Amino acid sequence: MTSTDVTTRSTGTTPGAHDGRVPSEATTLDIAEQLAHERTLELEQQIAADPGRFRVLTGDRPTGRLHIGHLFGTVANRVRLQGLGVRTFVVVADYQVIADRDSGGDLASACLDLVIDHLAAGIDPARSTIFQHSAVPEL
């Protein structure tokens, strides 16, 4: 595939054209971005057709309260996928905190706060599974 073979679906332009480069100067990053975008569209169509085929395992380390960056960065998408019917598993990754910190601090409170933040953002325990990493011996 050459850089001129890759065009965006929304504008019909070649990646890189928006920044003054001629189409033949599209970079590998531009091509990778286009391919990722196409794969995202493909997955969104598959999810819309049969969300039960998909499972998402995601989570956060309980290092403090979630903030607006978490909401826009990942949590809103978790809620969206849950709403579409994708089986969603949210791990409270407490082992990672224990492993990379000199002190876990008040880990029990931090884990509870993380769960509360997810619930407040829209994660529904009737439709998603929220669990603490250390509570699953097999992990």
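Tutor: Before we start, contact (or touching) means heavy atoms within 4.5 Å. The model is predicted, so local features need pLDDT of at least 70 and side-chain atom pairs count only at pLDDT 80 or more, while totals for chains, interfaces and linings use all residues. Residues are numbered from 1 along each chain as its sequence is written, and side-chain values use heavy atoms, with hydrogens and water left out.

Student: Fine. How many helices and strands does the chain have?

Tutor: Four helices and three strands, taken as DSSP runs numbered from the N terminus (helices are H or I, at least four residues; strands are E, at least two). Along the sequence they come in the pattern α-β-α-β-α-α-β.

Student: In what order do the strands form the sheet?

Tutor: β1-β2-β3, as an open sheet with parallel pairing; two strands pair if DSSP finds at least two bridges between them. β1 (55-60) and β3 (128-132) are the edge strands, each with a single partner, so one side of each has no neighbour in the sheet. On average, neighbouring strands are turned by 20° against each other, direction ignored. For that angle and the helix angles, axes are lines fitted to C-alpha atoms, for helices over the stretch in contact, and angles run from 0 to 180 degrees between N-to-C directions.

Student: How many bridges join β1 to β2?

Tutor: Six, with β2 covering residues 87-92. Within that pairing, Arg55 has Arg87 as its bridge partner, and Val56 has Thr88.

Student: And how many bridges are there between β2 and β3?

Tutor: Five, again in the parallel sense.

Student: Which strands does helix α2 touch?

Tutor: Helix α2 (residues 68-84) packs on the sheet and touches β1, β2 and β3, its direction making about 150° with that of β1. Together, β1, α2 and β2 make a right-handed β-α-β unit. Right-handed means that, with the strands pointing away from the viewer, the path from the first strand over the helix to the second runs clockwise.

Student: What does α4 lie across?

Tutor: Helix α4 (residues 107-121) lies across β1, β2 and β3, at about 150° to β2.

Student: Switching topic. Which residues make up the largest nonpolar core?

Tutor: Ten residues: Leu66, Val75, Val79, Val90, Val92, Val97, Leu107, Cys111, Leu114 and Ile123. A nonpolar core is a set of buried Ala, Val, Leu, Ile, Met, Phe, Trp, Tyr and Cys residues joined through side-chain atoms within 4.5 Å. Buried means under 20% relative accessible area, exposed over 50%, and partly exposed in between (1.4 Å probe, protein chains only).

Student: Which elements each supply at least two residues of it?

Tutor: α2, β2 and α4. The largest share, three residues, comes from α4.

Student: What does the His118 side chain make a polar contact with?

Tutor: With the side chain of Arg78, at 2.8 Å. A polar contact is a pair of N or O atoms within 3.5 Å; within protein, one must be able to donate a hydrogen and the other to accept it, and residues adjacent in sequence count only if both atoms are side-chain atoms. Leaving aside neighbours within four places in sequence, His118 is in contact with Asp60, Leu66, Val75, Arg78, Val90 and Ile123.

Student: Back to Thr88. What does it touch?

Tutor: Not counting residues up to four places away in sequence, Thr88 touches Val56, Arg78, Leu81, Gln82, Ser128 and Thr129. Thr88 is buried, with a relative accessible area of 2%. A polar atom of the Thr88 side chain lies 3.0 Å from the backbone oxygen of Val86.

Student: What about Gly59, where is its place?

Tutor: Gly59 is in strand β1 and counts as partly exposed at 29% relative accessibility.

Student: Last one. Which residues does Tyr95 touch?

Tutor: His133 and Ser134, not counting residues up to four places away in sequence. Tyr95 sits in helix α3 (residues 94-100) and is partly exposed at 37%. The C-alpha atoms of Tyr95 and His133 are separated by 6.5 Å, with the two residues 38 apart along the chain.
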